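Please open the structure in a viewer and keep the selection tool at hand.

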Amino acid sequence: MDFANIADKALLWIVLLPLFGAVINGVFGRFADKSMVTLVGVGSVAGAFVLSLFSFFHLVGLKGALGDDVAITNEVYHWFSLYLGSSEIPINVTFVFDSLSGIMAMVVTGIGLLIHIYSIEYMADDPGYARFFTYLNLFMASMLILIFGSSMPVMFVGWEGVGLCSYLLIGFWYENGSYAAAGKKAFIVNRIGDFGVLLGMFVLMMATRSLEFDDINAAASSLGTPFYFGTFELGATATVASLLLFLGCTGKSAQIPLFVWLPDAMAGPTPVSALIHAATMVTSGVYLACRLSPVFMESATAMAVIAVVGALTALVAASIALVQNQMKRILAYSTVSQLGFMFAAVGTGAFTAGIFHVYTHAFFKACLFLGAGAVMHAVHAHGDADVRKLGGLRTKLPVIHWTFLVSCLAISGFPLFSGWFSKDEILLGAINATMFWEQAWLGWLVYVILVAAATMTAFYMFRLYFLVFWGTYRSAKVEVEAEEDSSPGASIPPPGHEDDHGYDPNPHRPHAAIAGVLSVLGVGAIVAGTVNLEPLLHLLHVHVDIAGAENGNIWGTWLSGTVVHFVPAGEGVGALSYLAAVGGTLATATGIGLAYVWYFKEGRMPMAQVTGFAKVLMNKWYVDEFYDATIVRGSKALAVFAAAIDKYLIDGILARASALGVSLISWLATRPQNGVMHSYAALMVVGLAVIGWWFTHPHTNLDGVATRSDVTWTTGRGLGYEYRWDIDDDGEADTEWSAEGNSASHTYGHDDWVGYALIFDGNRTGESEEIFLDDSVVVLTESDIGRGWEADPEAGTTPPSFRVDEDEIVFLKNDARARVRGGDAEVEERLHPGDTVQVGSLNVRIGAVVRASLEVRNSFGNVARDTSEVVIQPAPRTREVAALEAVPATQGGAR
Amino acid sequence: MSTGGDFLFIVSSMFALGGAVGTVLAKSPLRAAMSLLLTIISLAGIFLTLHAHLLAAIQLIVYAGAVVVLFVFVIMLLGPESTTPAGEFRGLMTRTASAAIAAIVTGGMAFSLVRTSMPYVNIHQCPEGAECGQFGGVVGLGSELYSNSVVPFELISVLLTVAIVGSIAIARGRTQAEAKEVRERRAARAAGDADQAAREAKLTAEVSAHGGH
Amino acid sequence: MGIEIGLGEYLALASVIFGIGAMGFLTRRNMLIQLMSIELMLNSVNVMLVAFNRYMPENHTGQIFAFFVIAVAAAEAAVGLAIVISLFRLKQTVETDKADALRH
């Protein structure tokens, strides 16, 4: 068996297994036993994970043998082709497993598998168990298509697919109106971003004539050319494309200004929050940026925008998380903030650092969410758990406590935990970016913002940790009413009634599934960072090569084949990396320390009544209110306006007018149908008369086909028709009446010409076109000769023109590039029929117009006369040596 | 064409046109029938100028001898009622419009057809006893009728039989016994309808009474 | 005679008679006269057929056709007059305007 062949096939099955799982559970799940649903739902993902693992090790082997930019590809089928002008752009469904998509696939299937296993226990009592696994499997399939797609359209299928699954899973408990609304909000906000992705895709397609990532990246260096919207120059193609794609990323990856959906997305079940809204889907924006890193690297402007937006998102989201009281809500803002870190890395050219943070973040954030979910599950909190009612869970739920603690340390960037490595890389990237941009202060600004955000991160995470796990359990003595909620199926919260009761006084410890998954993720949160030991080794002044990677940077080496990375050069680079490590570690220490002092030592509680700036933070900087006042109300006003137009203009005037027209016509049409036989007979007579006229008169149908100077004229046949030709239209008949002559040929000479014409040999639409020349001047427009016709755009933009002068055609080339008879055209050229001018991208031939007329007579003695014109292309009057050299060899041979 | 033929054509066409106008304009149907007879006889003359001797004879026998006589019989049968009262022509509008349509159609047709010309074929130059000399005669037309056109000819006999049966069926009317039977049937149906209506009315009343509770 | 009588003249005569017949059919209400107008139109068509046949005397197609037209006209007259009698029995009139059941 061919190992490589199996790997290719495995790639397809990684995607197909979850898809089949979704289909099977979707169709049969509601009738099937729960264990069968579990087997299909979890088993398919487990299979995908195993196959991913297999492909990954196969890729490792290939990389060792063939080099860094090797990839496993599987071309599944040809989907469709686009045609852009004359070039065909084939869209193939091709899956690629290279170093970047390999890492993403490992994260998605690995974390995905763990979360599936976790869901077995977490969702056990939910009546929508099969539906949940259907959606989750569908999400896995979509996400894997997004990752593996080798071209933008295939990626976009996955992109939309994960958006759909996100919507379905946020609104999973759709009986609750606000949950369903949260789903809609996520979907609509994502649509705004998706339109950016589409436009970006089109821009790249127009510029590179391809939609394959490889082709686009290969052509990235040519994207500095300006991009025109109509005639308006928008900026460099790379900038336009990057910013449009980044708009998509702000939607999918919850960046400013489109981050508002992600906190609301916590309405979905907690495993969904962990898988989709923390570990995988929201990072697909980072993935897309890394996938197209050469394009992004082409535009310093776009990179600066991305970096600043990312850093600001990190800061703003972290600041909101400082004062929130719901566990999942804090974690949601934390996710937004961490995504901001990733985009700051992308924007500063540290793409590998960004994807590194995606990878480490997947572990500790999944662990945090699942831990939060486990807490909620244990205390029977529905929707979300309020930290003010928790506390002291350290002893009650030890497994959750320990895994939560290591994840908090990891996300805070505590040294040697995974988050420390990736955050250090990001901070280093920001510092390096001071050399990347012409404005060095931008890099420092990003660095400062990120350090501030990291400080807040450490603070709010440990605030959460201390409030939940230390102190005393504050909900134990609240109403006994909570008991009744422990019945099966109670995880569906009643509508409009969320978390306003006390929690279970005796939190139960999680079973094997939840505890096991949390433990695995907790270990991951600690050790995941070891794949890039460079920061550590650097700080320790050790220089060793591990596994063939320079200085322990296994990560960067691994990705070097697929992701471009800004490599700083120059003095002081080493010193700057200390700054990154020091800044990050100081931020961690400050944040943790403050949280320790306030919430552990002093035992502070969240304020019951928030005031001042805290209130602004509590209300999320009033962003939702701002959007509501501007965009939502604006579109509502637009809708009211459109409705008014529909009501008064369309329905009121246009519909009535058309109805009136119809009734008028029907009134007219029903007049003859009056039941009076005489009028029917009269109409019949009229009809018969028309038919009689048609039959008693001959009909000509004169048409000419020219080959050079010879024209063959043909006309229609008819009963008893006789023809008489005046083939040169001089007023005298050239033939006698004849029943046979419905066709005639004639070779036209110079004297027969009655006018001149321009023949366009294939304009931009590829069609041939004829323009008859009269006394006026024919000016060629850009639609005829295409863009770029000017010889020198600086000198002037007067288009070329033609006009008739006596028996010559005068061609003024004006500011155009033009060639006549194999050489550049003079300012004014005098042309004759048969000559050819090349103007811009268009070939213009000069033709002559000839005319013929014909009389047709039928046996009723009626005669019809017809005259027709046709353009001929006579041989050039004079042939010059240059022209002869220019003609193709076949014609040259006839000479 | 011979001068005699031209003369016959002109005279016949004058009479034919006069007869046609008379047919259309005559107040009394009897006068119209007589004018039609004149037209038909004139057209027989036209047929003669066209060397259609047998057809001219058939025209006289069938049209003048049968169709016009049938018309006259019916007019006699209906008596003075067959003459519609004064103001028999339609209103001025209808009359003008119809006349205009017919005039335009006629004029257009005549104008476009009058220039038709085809070479004159002199049938009389056929050799003695040859078949072409029999053009329009009993032998020529008859042999054509019973060879190439025998199927349509037989179908015409079927058509005429159907027409006779149809005419009898339409014109015969009902005997007194039949008419009585029809009257009784109609009365019974009307009674049934009334019954049905009464039942429905009762039902409606009941339903509305229940709705009133 | 100044006029050369040819096919055109025959056709013109036929079309004029046809037109008169059409005019009669359209303007008269008396069903008997309408039937006569139809006979006029049929006759004019016969004239055309026979005239064309005269100028293409290779066979008798035109005359045979005219023969059949005469037969059909006879059948049509018989049925038409039966309808007139039937109408008269029903409405005591031969005016076509009175037979307007189609209209209601």
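Two residues count as in contact if their C-beta atoms, placed from the backbone, lie within 7 Å. The model on display is predicted.

Begin by selecting chain C. In this chain, residues 24 or more positions apart account for 49% of the contacts with a separation of 6 or more. Chain C contains three helices and zero strands, and its elements, read from the N terminus on, run α-α-α. Of its 104 residues, 61% count as buried.

Next, select helix H4 of chain A, residues 129-148, together with helix H5 of chain A, residues 152-170. The two pack at an angle of about 155 degrees, and their axes are 7 Å apart. Angles over 145 degrees count as roughly antiparallel, and H4(A) and H5(A) are therefore roughly antiparallel to each other. Their crossing is left-handed. Which residues of H4(A) meet H5(A)? On the side of H4(A), they are Tyr135(A), Leu138(A), Phe139(A), Ser142(A), Met143(A), Ile145(A) and Leu146(A). Among the residues they meet in H5(A) are Val154(A), Trp159(A), Cys165(A) and Leu169(A). The residues of this contact divide into 14 nonpolar, three polar and no charged.

Remain in chain A and select helix H17, residues 398-412, with helix H19, residues 440-469. Here the packing angle is about 165 degrees, with the axes 9 Å apart; that makes H17(A) roughly antiparallel to H19(A). This crossing, too, is left-handed. H17(A) contributes His401(A), Phe404(A), Leu405(A), Cys408(A), Ile411(A) and Ser412(A) to the contact, while H19(A) contributes Thr457(A), Ala458(A), Met461(A), Phe462(A), Tyr465(A) and Phe469(A). By class, the contact residues are nine nonpolar, three polar and no charged.

Now display chains A and B together. How many residues of chain A are in contact with chain B? There are 11, and they are in contact with 12 residues of chain B. On the side of chain A that touches chain B, six residues are nonpolar, five are polar and none is charged.

Finally, select helix H6 of chain B, residues 150-172. At 1.5 Å a residue, its 23 residues should span 33 Å, which agrees with its end C-alpha atoms being 33 Å apart. H6(B) is hardly covered, with two buried residues among its 23.

Methods: Residues are numbered from 1 along each chain as its sequence is written. Chains are lettered from A and ligands numbered from 1 in the order in which they are written. This is a predicted model: local features need pLDDT of at least 70, side-chain atom pairs count only at pLDDT 80 or more; totals for chains, interfaces and linings use all residues. Ala, Val, Leu, Ile, Met, Phe, Trp, Tyr, Cys and Pro count as nonpolar, Asp, Glu, Lys and Arg as charged, and the others, Gly among them, as polar. Axes are lines fitted to C-alpha atoms, for helices over the stretch in contact, and angles run from 0 to 180 degrees between N-to-C directions. Helices (H or I, at least four residues) and strands (E, at least two) are DSSP runs, numbered from the N terminus. Angles under 35 degrees count as roughly parallel, over 145 as roughly antiparallel, 65 to 115 as roughly perpendicular and the rest as oblique. A crossing is left-handed if the near helix is turned anticlockwise from the far one by less than a right angle, and right-handed if clockwise. The expected span of a helix is 1.5 Å times one less than its number of residues. A residue is buried if 20 or more other C-beta atoms lie within 10 Å of its own, exposed if 12 or fewer, and partly exposed in between; C-beta atoms are placed from the backbone.
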